[in-house]
Amino acid sequence: MVEEVSNKQVIFKGYINGYPKESDMILKTSTIKLKVPEGCSDAVLVKNLYLSCDPYMRSRMTKTDHNYVPIFTPAQPMSGEGVGKVVDSSHPDFRKGDLVAGITEWEEYSLIKSTAFIRKIDEQAGVPLSYHLGILGMPGLTAYVGFYEISSPKEGETVFVSAASGAVGQLVGQFAKLSGCYVVGSAGTKHKVDLLKTKFGFDDAFNYKEEADLDAALKRHFRGGIDIYFDNVGGKMLDAVLPNMNFNGRIATCGMISQYNLTEAEGVTNLFYIMAKQIRMQGFLCYYYRHLYPKLFDLVVPLLKQGNIAYVEDVAQGLETAPAALLGLFSGRNVGKQLVRLASV
Ligand code: NAP
């Protein structure tokens with residue numbers, strides 16, 4: 001007799017424009033059989049332990065002609081990165097009790113019908129499970145790729161990071177310090193600015209919300225100009241950065257969170273400087289660099305063990321808090337990597 005249990009879920013209500021609301025996601029309870037069904041030869045059934053809230057999920061809530069990730073299906077559970085424990089498996093590489101990270105759904109138990117986007121967690125690494133969604137997960141890979149592969153850093157260069165206290169930014173700043181760069185971050189509260197300077201080792205930081213003139217703020221912090229801009233926000237900050245870039249500077253276009261909820265994107269007026277200063281501006285998607293996970297681990301796991309890298313998470317408790325936790329990314333409520341904890345191992 002297959003055990004059947006109740007399964008709380010967060011359901012995506014339907015496509016939206018503008019700022020998301022909690023009511024765009026609905027809590028529902030259904031049931032699930034704790035066994036991979038007959039005919040699914042590459043599936044695992046997991047108990048979800050942690051879910052990750054990431055800004056890209058916002059773009060999955062709107063149907064456009066330029067979606068770069070699959071959009072959510074209305075009336076179906078939200079999905080995203082998570083860490084789970086295998087309850088049943090039809091794939092020989094995954095066994096009951098294994099811990100896995102990868103794409104799952106926003107519910108207590110998920111039937112993951114293809115193992116293509118999950119990876120087994122190496123418990124030997126001896127790091128907290130939740131780190132596989134942050135410093136050792138997608139945001140960690142993003143920071144690694146955007147800084148080392150896209151930005152071509154050199155010792156002594158100046159680096160500016162926006163949304164610097166977030167999941168990606170806090171790591172970029174520390175990678176920049178490890179490379180001998182001078183690094184300044186911007187963030188939206190005094191607490192975050194203090195964290196950047198005291199915990200993450202940025203040379204300096206400022207609260208962009210308190211700066212009436214972003215150009216003046218950048219000139220104050222970069223008297224000799226910016227060599228590398230790690231752009232997490234786009235919009236007005238990008239426009240202000242462009243004239244402050246140095247000749248042959250690099251801009252790693254990681255994200256544009258200031259634009260995700262606008263019904264009409266803000267214009268950027270200073271693109272002229274890309275030509276005049278021979279700036280290389282390059283976008284990237286971490287998805288296409290998944291082969292670099294081992295390099296990220298090789299770099300970060302020893303740093304974690306030696307206590308030479310700091311990492312801050314913001315962990316909400318319980319599936320019912322997930323919608324508010326996701327929305328918090330767009331108001332800056334999160335301090336560090338935003339997660340939702342559902343259960344312990
Ligand atoms: P996060 O920083 O942990 O959270 C988002 C933060 O963005 C908020 O805490 C808030 O911090 C800031 N923010 C929100 N609205 C803003 C606005 N209108 N203007 C300026 N800042 C705003 O998020 P993350 O996971 O590290 O992601 C950072 C960026 O990287 C996002 O743009 C994301 O889409 C992008 N990303 C790209 C890839 C890729 O493959 N290219 C992968 C992962 C993430 P403040 O309090 O400082 O405002």
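Predicted model: local features only at pLDDT ≥ 70, side-chain atom pairs only at ≥ 80, totals over all residues.
Domain bounds, as used here, come from an automatic or database domain assignment.

Confidence comes first. The chain has a mean pLDDT of 97, and 100% of its residues reach 70 or more. Within the chain, strand 7, covering residues 118-120, has the lowest confidence, with a mean of 94. At the other end of the scale, strand 8, covering residues 158-161, has the highest, at 99.

The second largest pocket has a volume of about 580 Å³. Its lining is made up of 20 residues, and those closest to the pocket centre are T64, H66, Q259, Y260 and L262. Sorted by class, the lining of this pocket holds 7 nonpolar, 10 polar and 3 charged residues. Both domains take part in the lining: domain 1 (4-134 + 311-341) and domain 2 (138-287) each contribute at least three residues.

In the side chain of K192, an N or O atom lies 2.6 Å from an oxygen atom of the ligand. The backbone takes part as well: a polar backbone atom of C286 is 2.8 Å from an oxygen atom of the ligand, while a polar backbone atom of C254 is 2.9 Å from a nitrogen atom of the ligand.

The structure holds 1 cavity of 30 Å³ or more, and the volume of the largest cavity is about 40 Å³. Its lining consists of V46, N48, G82, V83, G84, V100, A101, G102, I103, T104, I112 and I118. Three strands each supply at least two of the lining residues, namely strand 3 (44-52), strand 4 (79-89) and strand 5 (99-105). Strand 5 gives the most, with 5 residues. By class, the lining of the largest cavity comprises 7 nonpolar and 5 polar residues, with no charged residues.

Technical notes. Residues numbered from 1 in each chain as written. Heavy atoms only, no water. pLDDT = per-residue confidence, 0-100. Helix = DSSP H or I, 4+ residues; strand = E, 2+ residues; numbered from the N terminus. 1 Å grid on protein atoms, 1.4 Å probe; cavity = no way out; pocket = protein on both sides within 12 Å on 5 of 7 lines; lining within 4 Å. Points joined across faces, edges and corners; volume = space filled by probe spheres on them. Nonpolar A, V, L, I, M, F, W, Y, C, P; charged D, E, K, R; others polar. Polar contact = N/O pair within 3.5 Å; in protein donor to acceptor, adjacent residues only side chain to side chain.
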